[in-house]
Amino acid sequence: MKHAQRAASPSRPSRRSFLKSSAAFSGGLMVGFVLPSGPAGAAGLVHTPNAWVHIADDNTITLISARAEMGQGVYTSMPMLLAEELNVDLRKVRVAFAPPGKAYGNAMIFGLQLTGGSTSVREGWERQRLAGAQVREMLIAAAAERWKVDAAQLRAEDGQVLGPNGRRASYGELAAEAAKLKAPEKVTLKDPSQFRIVGKRTPRLDTPAKVNGTATFGIDVKLPGMVYASLQQCPVQGGKVRSFDAGKARAMPGVIDVVQIPDGVAVVAQSYWQAAQAREQLSVQWDEGPNAGLNTAAMIAGTRAALASGKPFPIKQQGDPDSVIGRAAKVLRAEYLTQNLSHAPMEPMNYTAHVEADRARLVGPTQWPDALQGAIAKILGLKPETVTVENTFLGGGFGRRIDFDYAIQAALISKAVSKPVKLVWTREDDMQHDFYRPLGVHQLAAAVGADGKPTALTWRVASQSVTGRVFNLPAEAPDALMTEAAVPLYDIPVARHDAVKHDAGLRVGYWRAVSHNMNAFANESFIDELAAAAGKDPVAYRLSLLETQPRLANVLKTLAAKAGWGTPAAAGRHRGVAVFEGYETHIGAVLEISMKDGAPQVHRVTVVADPGRMVNPDTVEAQIQSSVVYGLSAALWGEITVDKGRVQQFNFDTYRVMRHNEVPAIDITLLESREKPGGIGEPATSLMAPALANAVFAATGKRVRRMPIRPETIAQA
């Protein structure tokens with residue numbers, strides 16, 4: 001317990017200070033390595049992933065974690081991979097968050113130092129093990145030189161190198177000599193059959209510190225001389241300050257200054273409470289800009305119109321579906337609507353910045369440190385190497401902290417007052433100024449044969465392009481993150497899938513499972529409609545279309561057995577099913593519900609997943625549980641609406657999330673697999689809405705085609 005607490009309190013060196021301090025360690029060993037190539041399908045991307053392992057004289061092993069820890073468990077899974085190859089007790093591995101640097105780029109996301117897309121374990125699976133194996137071989141080589149024996153006679157075990165005649169030396173004792181050796185270009189990784197750590201249920205290293213309150217999140221950061229800021233932003237996104245009167249605010253106790261930045265007016269005070277109270281006394285006149293008339297109905301209408309008038313970019317074309325559908329005796333058509341959503345992480349946006357004339361220090365939670373460093377340097381006119389970024393634990397990310405507007409704001413305020421400043425958003429600030437999940441309109445059509453199976457299918461979505469905004473892509477550029485799960489694995493001989501980019505007006509960001517959660521709702525609902533039209537059982541119908549997809553079929557068969565599909569549910573209970581592949585994980589869910597006052601009550605969620613090889617099954621299970629709760633919250637209640645340019649939700653009273661007492665029983669089965677690891681932090685999120693909609697159909701006979709699935713939505717179906 002004591003060691004785990006220490007390990008969970010991350011040191012946060014800058015890259016420069018880390019290298020400097022590491023070099024100063026007499027006898028320290030630090031290893032970086034480069035993968036020879038990126039993952040399949042990543043050709044053309046930047047492949048410079050490095051990891052840094054340090055072994056100190058005192059035998060302390062430190063892993064510099066390239067990925068942010070936002071609850072997904074990388075603070076434990078990455079050390080597990082390293083410790084496995086190093087042959088050390090996991091409890092001897094400490095973790096420090098990486099500073100910005102190309103060495104820490106994510107090979108699965110264009111080499112960017114970005115945590116997201118359920119890539120952490122998938123991307124780290126090989127490189128963290130390579131890091132451990134490389135260090136292990138260097139330590140053995142050092143011992144061989146010291147003892148003048150053949151390295152083949154030695155072995156590394158439990159933090160020591162063991163040799164003939166009872167010789168042994170700890171890793172720490174050998175580190176200085178190993179540091180002088182050239183890192184081997186090729187190393188042999190353990191066969192999974194030899195794993196002693198990987199694949200075992202392992203308590204998280206960061207749990208004790210998070211339970212006893214010693215873990216450092218952004219909200220906990222304190223710098224010497226630090227003051228606090230509260231920022232009033234325009235209630236209409238894109239609006240600017242026209243004028244303001246700060247007289248009353250300046251007269252409030254503790255207020256140091258009132259400053260204007262591009263996003264609004266900030267009150268800076270000795271305490272957060274003083275800043276927040278004084279902010280209420282500001283009188284700001286806003287230029288609400290072009291979004292002043294924006295409303296949800298118009299956003300939906302515009303998106304729907306774009307389906308017909310916009311230029312689609314192709315995803316898949318197989319045969320001539322229009323011809324087949326045009327000749328078909330039976331055709332089903334449906335339109336689905338997915339809504340805007342807020343991320344609503346438990347820790348609202350906050351960031352601490354200390355900007356000086358020639359440097360800046362940034363401390364706080366971010367999913368994208370190197371981009372933040374570059375953006376701050378550009379805005380402040382500094383060289384990137386003079387901007388340090390020190391990451392903390394993230395109190396939830398879900399994609400929100402890929403954007404770093406709040407950190408830029410903190411830096412600008414700090415520069416204005418020449419002090420270290422912690423900017424804290426309220427929950428209302430967070431919900432009103434999020435980068436929301438885009439809304440989407442999905443239209444599908446299918447020709448149905450005599451056996452009830454689809455002979456042709458078309459699918460088109462119109463939605464906003466998050467990637468286009470984040471990376472400033474041309475309007476005509478395709479967006480692969482808009483079309484995830486757009487092509488399900490079902491055997492349909494003729495099909496066309498395409499998408500239309502349409503800017504509905506509200507700023508948008510990556511939301512958990514990104515477009516999987518939108519497109520899976522449409523596809524898995526529509527396949528249920530086809531099954532119903534054919535008079536077939538939904539599970540049997542799906543299986544009849546998965547003859548070439550044994551992995552997903554196995555998931556579905558197991559799921560049906562675990563959920564009791566085919567046996568009568570309890571009186572008043574009804575079931576809905578959904579399956580799909582996302583992030584290279586094959587997964588399915590069955591929801592068991594009843595109806596009360598027109599609203600679905602979720603009693604039980606059964607999930608079966610084949611995520612490939614698992615590093616820590618305990619974390620895999622926890623991620624699925626989290627995804628179920630997050631996905632159900634969105635499916636049952638989540639919705640951001642806009643009127644007169646203003647987001648109409650402010651806090652959890654108007655943007656409901658699932659409460660503890662509402663969480664259903666969650667039964668999870670993880671299938672053994674030799675496939676490469678799949679992502680697990682997001683896929684199950686995408687199954688909740690379609691499985692719920694399909695359960696509601698089983699209960700009421702009404703086909704709900706828009707989220708959230710509330711009583712009024714069901715009544716209108």
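Let me start with strands β10 and β11, the latter covering residues 264-269, which pair in the antiparallel sense over 6 bridges. What we are looking at is a predicted model, so please keep that in mind throughout. Within this pair, aspartate 257 has valine 268 of β11 as its bridge partner.

Stepping back from that pair, we find an open sheet of 7 strands with mixed pairing, and if you follow the strands across, their order is β10-β11-β8-β18-β15-β16-β17. At the edges stand β10, residues 255-261, and β17, residues 387-391, and because each has a single partner strand, one side of each is left without a neighbour in the sheet. From one strand to the next, the twist averages 20°.

Two helices that pack on this sheet deserve a word. Helix α8, residues 272-279, touches β8, β10, β11 and β18, and its direction makes about 25° with that of β8. Helix α11, residues 369-380, packs on the sheet through contacts with β15, β16 and β17, and the angle between its direction and that of β17 is about 145°.

Now, a note from the records: an unreviewed UniProt entry lists residues 212-290 as "domain: Aldehyde oxidase/xanthine dehydrogenase a/b hammerhead". In the model, that span is 16% helix and 39% strand, and the C-alpha atoms at its ends lie 48 Å apart.

Let me turn to the nonpolar cores. Which residues have the most contacts inside the largest nonpolar core? They are Phe526, Leu591, Ile624, Leu632 and Leu692, in a core that has 75 residues. Helix α19, residues 683-700, supplies the largest share of this core, with 9 residues. Apart from this core lies another, of 45 residues, which includes Leu81, Ile140, Ala156 and Ala209. Returning to leucine 692, and leaving aside residues up to four places away in sequence, we see that it touches Leu591, Ile593, Pro600, Val602, Ala635, Leu636 and Ile709.

Is threonine 619 buried or exposed? Its relative accessibility is 9%, and because a residue under 20% counts as buried, threonine 619 is classed as buried. As for its surroundings, and again not counting residues up to four places away in sequence, threonine 619 touches Gln72, Gly73 and Arg204.

How values were computed: Residues are numbered from 1 along each chain as its sequence is written. This is a predicted model: local features need pLDDT of at least 70, side-chain atom pairs count only at pLDDT 80 or more; totals for chains, interfaces and linings use all residues. Side-chain values use heavy atoms; hydrogens and water are left out. Buried means under 20% relative accessible area, exposed over 50%, partly exposed in between (1.4 Å probe, protein chains only). Contact means heavy atoms within 4.5 Å. UniProt positions are given in the numbering used here, feature names are shortened, and annotations may be inferred rather than shown by experiment. Helices (H or I, at least four residues) and strands (E, at least two) are DSSP runs, numbered from the N terminus. A nonpolar core is a set of buried Ala, Val, Leu, Ile, Met, Phe, Trp, Tyr and Cys residues joined through side-chain atoms within 4.5 Å. Two strands pair if DSSP finds at least two bridges between them. Axes are lines fitted to C-alpha atoms, for helices over the stretch in contact, and angles run from 0 to 180 degrees between N-to-C directions.
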